[in-house]
Amino acid sequence: MSTGTPRRFHIAVASGKGGTGKTTVAIGMARTIGETQLLDADAEEPNIHLFFPVQWDKETPVQRLIPEVNFDRCTYCGRCASTCQFNALVVFGQKLLFFEELCHGCGACSLVCPEKAVTEKPRRIGVIRGPVQWGRTLLWEARLEVGEASGTQLIREMKHIIRQDLPAVIDAAPGASCPVMEAIKGSDYCLLVTEPTPFGLSDLQIAVEAVRELGVPLGVVINRSTGEDHLIDEFCAQAQLPILARIPFNRAAAEAYSRGQHPVDAVPGFAEIFAGLWRALQAQLEVQLQKEGFRA
Amino acid sequence: MRDIAITATAPALDAEVDARFGRASYFILISAENPADWEAAANPALSAGGGAGVAAGQFLASKGVKALLTGNVGPNAFSVLQAAGIAVFPVNGQTVREAYQNYLKNSLSRTAQPTKAADHLH
């Protein structure tokens with residue numbers, strides 16, 4: 001690590017479009033950086049563990065709070081329903097309905113209830129697995145219970161319980177939904193992995209718009225580059241986004257991946273590509289450091 | 001009493017029935033007795049971040065509506081409508097006026113269950 005890069009940085013890897021190579025880039029970065037943490041924040045379908053034959057011996061359950069209504073006290077005034085920003089509560093006449101899957105667990109309903117009829121009770125939404133050591137990488141994983149709608153809180157808590165004295169690479173879910181934003185929020189840098197196709201471009205544009213709202217500095221990695229990346233090149237030039245690496249389209253890399261091997265370990269040339277990405281990323285981090293100073 | 005609600009793409013009787021319930025542009029609230037007694041209400045749930053069907057259902061419940069003519073209703077919205085005693089009549093490819101007339105002629109059939117799955121939540 002060069003001298004200007006602080007020890008405690010967080011790099012988020014996101015994409016917009018699914019299947020562009022987020023996990024490939026996240027694992028590759030973790031292997032290249034050296035001693036670091038790798039967080040699987042795709043809580044709906046975590047898959048980083050497929051590349052690491054580890055035993056998860058430690059699990060932390062995560063609960064969220066949902067309202068519980070004491071109908072002996074409720075006067076159906078509707079204050080809870082009109083306060084809820086997510087329309088999880090409905091009150092009319094002498095009826096109160098609660099839609100658990102719409103609830104974000106903010107607790108506003110219990111705060112505003114004038115009769116103290118609404119209290120909060122915990123409900124298990126998933127687990128954080130880890131840490132487990134693999135080589136120089138410390139692995140963590142967020143895993144949402146089947147039937148739960150959102151992993152946002154799980155990811156927030158995972159970022160809270162990880163080692164705060166080590167860097168972290170955070171592999172986000174695809175898309176630009178709340179759990180993705182939670183994974184990126186507060187990071188020192190966000191890598192957006194895309195592919196040089198119209199689909200890749202369209203979802204990249206959405207992701208750029210969303211991540212810019214968070215104020216996290218952004219760079220692009222083009223995966224499956226065929227050397228004809230003009231779709232992405234033109235967009236990045238116009239949006240003033242740096243392209244930090246181009247990972248070539250390579251059948252051997254795909255075959256290795258399908259066997260659970262990372263291309264860095266299995267395909268000649270890939271270690272150098274990721275070393276180049278890491279150098280480009282360090283340069284970006286140092287620019288940011290000069291601009292505003294880091295969390296560390 | 002404007003006891004019928006019809007989702008509409010514009011605030012007019014000749015507008016198409018809006019196929020979406022929670023994200024409908026307008027509700028035409030109209031009397032079953034008197035076709036001249038109607039108003040167009042902008043859907044207050046249109047810009048809801050989530051749970052639009054639930055919020056739209058609550059809005060109709062507050063208006064004292066008894067029947068809803070619309071394209072599709074998801075499970076959450078349907079629960080609210082059911083609890084509020086609002087009967088749901090699915091319609092397809094009609095204007096508000098046609099749907100209203102078909103309702104009065106008893107040629108629409110009431111659904112006892114949601115007509116679609118819930119939309120993506122987050």
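This is a predicted model: local features need pLDDT of at least 70, side-chain atom pairs count only at pLDDT 80 or more; totals for chains, interfaces and linings use all residues.
**Exercise 1.** Where in chain A is the place of Gln240(A)? Locate it, then decide whether Gln240(A) is buried or exposed.

*Solution.* Residues are numbered from 1 along each chain as its sequence is written, and chains are lettered from A and ligands numbered from 1 in the order in which they are written.

Step 1. Gln240(A) sits in the loop between α7 (230-239) and β11 (243-248) of chain A. Helices (H or I, at least four residues) and strands (E, at least two) are DSSP runs, numbered from the N terminus.

Step 2. Gln240(A) has 7 C-beta neighbours inside 10 Å, so it is exposed. The cut-offs: buried means 20 or more other C-beta atoms within 10 Å of a residue's own, exposed 12 or fewer, partly exposed in between, with C-beta atoms placed from the backbone.

**Exercise 2.** Which strand of chain A holds Arg224(A)? Describe its phi and burial.

*Solution.* Step 1. Arg224(A) lies in strand β10 (residues 218-225) of chain A.

Step 1. Its phi is positive, about 55 degrees, although Arg224(A) is not a glycine. Most residues other than glycine have a negative phi.

Step 2. Arg224(A) has 22 other C-beta atoms within 10 Å, so it is buried.
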